[in-house]
Amino acid sequence: MSNPIARVLDRLPMRPGKAPIVPERSVAGHTLLLLIAIMTFLSAVTLGGVVLVQKSALAWSADVGREVTIQIRPMEGEVMESNLRTAISLAESTPGVASARALTIAESEQLLEPWLGAGIDLTAIDIPRLVVVRLADPAAADIEGLAQNLQAINGATLDTHAAWQQQLNSMAGTIVVSGLLVLALIAVATVLAIIFATRGTMASNREIVDVLHFIGASNRFIAGEFQGRFLAIGLRGGIIGGVAAIAFFVLIGLTAGVVLPSEASAQVGVFFGQFVIGVDGLIGICAVVLVIAALTAVTSRMTVRRYLAETS
Amino acid sequence: MIEFSDVGLRYGNGPEILRDISFEIQPGSFHFLTGPSGAGKTSLLRLLLLSLKPTRGRVTMFNEDVANLDQDRLLQMRRHIGIVFQEFRLLDHMTTYENVALPLRVLGQAEGDYRSNVTELLEWVGLGERMNALPSVLSGGEKQRAAIARAVIGRPKVLLADEPTGNVDPELSSRLVHLFAELNRTLGMTIILATHELPLLDRFSYPRMVLNKGELQIHE
């Protein structure tokens, strides 16, 4: 180079060897990016829902399992208050029991309020009374011994809530399995979409593939070049979808408290816990992003290798 | 170096494109491959490039029967063969330098190891000042010189050229053939150059392989 401009140009760092072999614009990037972002969002929301239900079910189950209830029906010739005291003392003397407490008439009325309505005077009616027994250690508590001892009280029965627990577990299990099925379907749909996008990209980049073959590139090298592109798209789409899912959970958490009346909000809180994704939720969403990106890279690599084997 | 014995080629169930082709190419030789359009020149070049297998006969390259080669060996052998096309086939998104360096890049060589070689070769073919230009701004002659540089950067033993002068004017055609001749003379590269431009052939005294209706005659 003889002229000054050429000499300056010559001193500039060249960009040799650094241009990607597969140009970014040649890959069906935008559509695939959007699709992967949507799939990641759906996966993350589904996973979040599944985790939420499972955590709530475990908490419910643990709560219910830490309590048993003694019900004492009013019987002819029996004194309710005396039977209540006997039941409490029998419960308190049972190994593994932390405390036992009879619900007051007012508390019983509150429990019946949803069915009978408010403002009804129940003092005239003989209603069954309940003793709430809290267990210190549900595994070590002698529930059978307590049930046997309670036979001494006329009209007393023991409810361990086992049926509730079982129903709760099977309901939570069904939701979890359904969620996992949805996740699997999303994964399959993502894989199919990537296969179509990869084959389309390969067909539209046939010229590059041919040139690479002519200059001695192996199928492994070519597949690696295309895989790099798809991995980048997978990661970018995954991150967009993951961030959208985090924003969704944050938004739901904020609006649940604002939109729902306080009682309803409290009930939702009891049933589902708080809509807070927490650290484990963030880790889960990050895992979804990585899995989707890896799925994109692996699927595209396999598709490219198969395409090259068919065409070369 | 290259030997064809009674080679025949057909695509699918169609008629034979090449029939009873037999010839031998010595290392360091220069041959023109000529014949009318549709005579089978490109098919013969594809056989030489190992991108096609003959339907009958025997092809020996570098003392090995190509019919017995596995994929890895075929790939290794293909790296000893350079190819130049009429339509250049440069990658549009890469600069001249990047296009020429591509064969070394796919071999996994570090840029520091090949930069000076590529620069030197580009200077040699007269593209020293067009190194950072994209193919879209190069003239036909420049594109073809870049394509030739890309084909020879890996120092192949054989250089094939399929109508390399088809897209340039007669004056430039002659200069390009001189460039191939220079490569043959200075680097000892075996060259087979396909062209149907008879006036161009008359300017050089290299042997001619003439294909007509799938049959080959050699005029020394």
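Residues are numbered from 1 along each chain as its sequence is written, and chains are lettered from A and ligands numbered from 1 in the order in which they are written. Because the model is predicted, local features need pLDDT of at least 70 and side-chain atom pairs count only at pLDDT 80 or more, while totals for chains, interfaces and linings use all residues.

## The sheets of chain B

Helices (H or I, at least four residues) and strands (E, at least two) are DSSP runs, numbered from the N terminus. Two strands pair if DSSP finds at least two bridges between them.

One open sheet of chain B has six strands, in the order β6-β7-β8-β3-β9-β10, and its pairing is mixed. Axes here are lines fitted to C-alpha atoms, for helices over the stretch in contact, and angles run from 0 to 180 degrees between N-to-C directions.

Inside this sheet, β3 (residues 30-34) and β9 (residues 208-212) of chain B pair in the parallel sense, over three bridges. There, B:Thr34 stands opposite B:Val210 of β9(B).

Two helices lie across strands of this sheet. Helix α1 (residues 41-48) of chain B lies across β3, β7 (158-162), β8 (190-194) and β9 of chain B, and runs at about 155° to β7(B). Helix α5 (residues 140-152) of chain B lies across β6 and β7 of chain B, at about 170° to β6(B).

A further open sheet has four strands of chain B in the order β2-β1-β4-β5, with antiparallel pairing. At its edges are β2 (16-25) and β5 (64-65) of chain B, and each pairs on one side only. Strand β1 (residues 2-10) of chain B runs antiparallel to β2(B), joined by six bridges. The bridge partner of B:Phe4 in β2(B) is B:Phe23.

## Where chain B touches chain A

Two residues are in contact if their C-beta atoms, placed from the backbone, lie within 7 Å. By this rule, 21 residues of chain B are in contact with 16 residues of chain A. Helices α2 (71-78), α3 (96-106) and α4 (111-124) of chain B each supply at least two residues of the side that touches chain A. The most comes from α3(B), with seven residues.

Ala, Val, Leu, Ile, Met, Phe, Trp, Tyr, Cys and Pro count as nonpolar, Asp, Glu, Lys and Arg as charged, and the others, Gly among them, as polar. The side of chain B that touches chain A has nine nonpolar, three polar and nine charged residues.

Angles under 35 degrees count as roughly parallel, over 145 as roughly antiparallel, 65 to 115 as roughly perpendicular and the rest as oblique. A crossing is left-handed if the near helix is turned anticlockwise from the far one by less than a right angle, and right-handed if clockwise.

| Helix pair | Axes come within | Crossing angle |
|---|---|---|
| α3(B) and α4(B) | 10 Å | roughly 125° |
| α6(A) and α10(A) | 9 Å | roughly 45° |
| α3(A) and α5(A) | 10 Å | roughly 155° |

Take chain B. The angle makes α3(B) oblique to α4(B), and α3(B) passes α4(B) in a right-handed crossing. Among the residues in this contact are B:Tyr97 and B:Val100 of α3(B) and B:Val118 and B:Leu121 of α4(B). The contact of α3(B) with α4(B) divides into eight nonpolar, one polar and no charged residues.

Now chain A. Helices α6(A) and α10(A) are therefore oblique to each other, and their crossing is right-handed. Their contact includes A:Val191 and A:Arg199 of α6(A) and A:Leu295 and A:Tyr307 of α10(A). The residues of that contact divide into nine nonpolar, six polar and one charged.

The last pair, α3 (residues 80-92) and α5 (residues 143-150) of chain A, crosses at roughly 155°. That makes α3(A) roughly antiparallel to α5(A). Again α3(A) passes α5(A) in a right-handed crossing. A:Ala87, A:Leu90 and A:Ala91 of α3(A) meet A:Leu146, A:Asn149 and A:Leu150 of α5(A).

## Annotated stretches of chain A

An unreviewed UniProt entry places the feature "transmembrane region" at residues 32-53, 175-197, 239-260 and 272-298 of chain A. UniProt positions are given in the numbering used here, feature names are shortened, and annotations may be inferred rather than shown by experiment. Residues 32-53 of chain A are 100% helix and 0% strand, with end C-alpha atoms 31 Å apart. Residues 175-197 of chain A are also 100% helix and 0% strand, and their end C-alpha atoms are 33 Å apart.
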